[in-house]
Amino acid sequence: MIQQKLKDLRKQRKLSQQAIAKILSTDPSSYSRKENGKSKIYDDEWEKLAKALNVSVDDIKESEFSEIVFNDNSSFNDNFGNHKSNYNILNSVLENLEDYISLLKRDIELLKKENEILKSQK
C-alpha cells in the first residue's frame, strides 16, 4: 500500500510526521490523515514528499496499481463500486474542508491575540 510505503520511507529517513507536515505547510494531524490514506495527497504535495524523502514520486507510488482488481464480468452491473468511489471522494473532500476550517480557526485566534496586543499599545 502506498501509505505504508510512505510511512516506511519517512521512518527510514528518521523524519517525524511533524517534520513532514512542516514541509507540506500543514499541521501534523492533517499529515497523519494523509499518510494513513484518510485524506488526499495532491500532486504538489507528492513532489514535496519525494524531495524530502530523496526518492522519485514513482518510487513512492510504484505499488499503487498492483493492488487493483478489475472485474470483467459484464453480468455484474449493480454499480456498487461507483457508489463506494463517490463516497470516498466525498469523504476526502469533507476531511480536507475540516482541515481548512481548523487552520482558519487557528488563524482567527492568532489575529485576536494580535489585535489585543495592538489595542494595549495604544
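**View 1. The exposed face of helix H1 in the predicted model.** Lys-11 and Gln-12 are the exposed residues (over 50% relative accessible area, with buried meaning under 20%, for a 1.4 Å probe and protein chains only) on the face of H1 turned away from its buried side; helices are DSSP runs of H or I with at least four residues, numbered from the N terminus. This is a predicted model, in which local features need pLDDT of at least 70 and side-chain atom pairs count only at pLDDT 80 or more, while totals for chains, interfaces and linings use all residues. Residues are numbered from 1 along each chain as its sequence is written, and side-chain values use heavy atoms, without hydrogens and water.

**View 2. The buried side of helix H1.** Within H1 (residues 2-12), the buried residues are Ile-2, Leu-6, Leu-9 and Arg-10. Seen down the helix axis, these residues fall within an arc of 100°, so they line one face of H1; the arc is taken from the directions between the axis and the C-beta atoms. The buried residues of H1 pack (heavy atoms within 4.5 Å) against helix H2 (17-23), H3, H4 and helix H5 (57-61).

**View 3. The residue after helix H1.** Lys-14, which follows H1, has a positive phi, near 55°.

**View 4. The lining of the second largest pocket.** The residues that line this pocket (an open set of points on a 1 Å grid over the protein atoms alone, where a 1.4 Å probe fits, with protein on both sides within 12 Å along at least five of seven lines; lining residues have an atom within 4 Å of a point) include Leu-24, Tyr-42 and Asp-99. H6 gives the largest share of the lining, four residues.

How values were computed:
Helices (H or I, at least four residues) and strands (E, at least two) are DSSP runs, numbered from the N terminus.
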